[in-house]
Each structure stands twice: as structure tokens, then as C-alpha cells.
Amino acid sequence: MDLKCFGLAVLFPIQIVYYILKASVCLLLPSKRKDLSGEVVLITGGGRGIGRHLAKEFAKQGAKKLILWGRTEKCLKQTCEEISLAGTECHYFICDVANREEVYQQAKVVREKVGDVTILVNNAAVVHGKSLMDSDDDALLKSQHVNTLGQFWTTKAFLPRMLELQSGHVVCLNSILSLSSIPGAIDYCTSKSASYAFMESLTLGLLDCPGVGCTTVLPFHTNTEMFQGMQVRFPQLFPPLKPEMVAQRTVDAVRSNTAFVYLPWTMRVLVILKSFLPQLALEEIHKFSGSYTCMNTFKGRT
């Protein structure tokens with residue numbers, strides 16, 4: 001081993017300790033919150049569920065304009081009217097994020113009618129809720145197109161302008177299931193794992209881009225229509241998260257420029273356990289989390 005390699009080997013653990021201490025201090029000290037008064041926020045799947053609560057929370061925190069995308073006009077219109085009555089400018093557009101050309105076309109319409117999007121929230125998602133062998137091929141493809149590829153198209157549509165303006169934020173409402181899969185939701189877990197990798201790569205790629213950040217939110221079981229069929233082993237100890245709380249923590253993470261958010265924070269233990277004892281961790285996660293079954297072909301926040 002030459003001197004340079006030896007120096008790097010000695011320096012590496014010191015750097016690890018330094019970053020752990022730095023992260024610990026940052027957790028203890030209150031961070032400065034970003035002012036949202038000039039922000040134009042676009043939320044996919046914004047008509048209901050977590051998307052609806054995200055819209056209300058961004059409006060509450062002073063966002064200048066809100067744009068809701070989704071496939072169900074009734075839900076979009078209701079949420080849009082509620083936001084507008086509260087005093088925040090709000091628009092909605094019918095858009096299926098799984099359709100690449102539709103995303104690009106609607107992104108152009110948004111720029112012309114509303115203005116430049118400065119905060120993109122990728123929230124739209126679907127879940128099929130069946131095992132691999134019981135799943136229809138088209139249903140499996142739909143989960144991947146909405147939950148994963150949809151983020152590619154929306155981010156490609158809006159990120160270039162954020163980079164030009166040196167101001168912007170890309171948000172992903174992911175799931176802890178991207179890191180700790182469960183039976184009965186193989187389509188969802190797979191798509192969310194890919195989505196997590198996408199956001200992790202994007203976050204690293206934007207580190208040298210001033211004014212543009214990323215936030216990935218990884219919530220546990222959330223009490224929405226999408227996860228009515230999920231069964232947890234200890235529901236009293238780990239009750240479903242409220243969508244209002246997930247929305248509040250997401251908006252706060254954007255304001256504090258936090259890259260990854262685990263909800264609740266105890267979910268970090270699963271990640272640590274999988275790093276050291278992967279097989280044991282998977283077995284315990286299976287016992288702990290139970291399974292997911294869905295009576296309908298699709299449920300989601302689209």
C-alpha cells in the first residue's frame with residue numbers, strides 16, 4: 001500500500017465520524033425556513049388524498065400559485081375551488097403522468113397560462129395490490145408507468161427551467177416500502193424502489209446546481225383510500241399516519257431543504273437493520289408489517 005492509499009484509508013473513518021456529528025448537530029439546531037411567497041407549486045395527483053392536503057398546506061404556508069394535475073376532474077375541481085376560496089390562486093389540468101406526450105404538452109400549457117413552475121411535487125401513484133402470479137400484465141405496467149416513469153417525464157418537463165432560474169425544488173412522495181418491501185404489493189414496492197433510486201441519483205446530480213434542491217419523503221402506512229387493504233401487525237403501536245401530518249412534514253422539508261424524510265423517524269431503524277442483517281431484517285419486516293391486499297384493480301392518488 002503506497003502512502004496516498006494509506007492516507008485515504010486513515011482519513012475515511014474520520015470523515016464518516018465528522019459527517020455523523022455534523023448531521024447530529026443539524027438535527028438539534030433549528031434550520032432556516034424558506035419563504036414560499038413567490039413559489040409556483042405543481043402537484044401531481046393533487047385532487048385527493050395526500051395531494052389534496054399538500055395543496056392546502058402549501059397554500060397555508062404562503063405559496064403564490066398552485067397547480068393541480070390529475071386524471072379525475074371532479075376531485076381536481078373541488079380541491080381547486082377550496083384553495084381558491086381560501087385566497088390562493090389555484091389552477092387544475094387533466095393530465096396522466098404515465099403519458100409522456102401528454103405531460104410535455106400540459107407542461108407547455110402550464111407555462112403559457114400560469115408561469116414557470118418552481119416547486120414540482122411528484123405525488124401521483126397507483127397500487128395494484130396482488131401477488132406477481134395473480135397480477136395482470138397491464139396492471140403491472142401501469143404501476144411502473146405512473147409511479148416511476150411519470151417522474152422522469154414531469155422532471156424533464158420542469159427541471160430545465162428551474163436550472164436556468166437557479167431556483168427550484170423537486171419533491172417525491174415515495175414510501176418506506178421502497179426500502180422494506182411487503183407481500184401483496186409487488187408492483188408498488190418495485191416501482192417505489194425504482195423511484196427512490198431516481199430521486200437519490202437526481203439529488204446527487206443537483207448538489208452542484210445552486211438554488212435547486214430535492215426532497216424525498218418516505219412515509220409508513222398512511223390512512224388514505226389507497227391503503228385501505230394494508231394490515232399491520234401492531235396497529236396500536238404503529239397506527240397509520242394522518243395525511244395532514246405527511247403533508248405538513250413534506251412542506252416543512254421543502255422549506256428547510258431536507259433531502260430525505262422518514263415518517264415516522266423510527267423507520268430509519270429498518271434501514272440500519274437491513275444493512276447489517278439483511279435476511280433477519282426481511283423476516284422481521286414481514287412479521288411486523290403484515291401484508292397488503294386490494295379489492296379493486298387499482299387504487300391511487302392520480
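The secondary structure of the protein chain, in this predicted model, consists of nine helices and eleven strands, taken as DSSP runs numbered from the N terminus (helices H or I, at least four residues; strands E, at least two). Residues are numbered from 1 along each chain as its sequence is written, and side-chain values use heavy atoms, without hydrogens and water. Local features need pLDDT of at least 70 and side-chain atom pairs count only at pLDDT 80 or more, whereas totals for chains, interfaces and linings use all residues.

Of the 302 residues, 46% are buried (under 20% relative accessible area, 1.4 Å probe, protein chains only). Among contacts (heavy atoms within 4.5 Å) with a separation of 6 or more, 73% join residues 24 or more positions apart.

Leaving aside residues up to four places away in sequence, Leu54 touches Ile43, Val121, Asn123, Leu173, Ala247, Thr250 and Val251.

Buried residues of helix H7 are Pro243, Val246, Ala247, Thr250, Val251, Ala253 and Val254. They cover an arc of only 155° around the axis, which puts them on the same side of H7; the arc is that of the directions from the helix axis to the C-beta atoms. These residues pack against helix H2 (49-60) and strands E4 (119-122), E6 (168-173), E7 (212-219) and E9 (260-263). H7 is followed by Asn257, with a positive phi near 55°.

How values were computed. Buried < 20%, exposed > 50% of the residue type's maximum accessible area, 1.4 Å probe, protein only.
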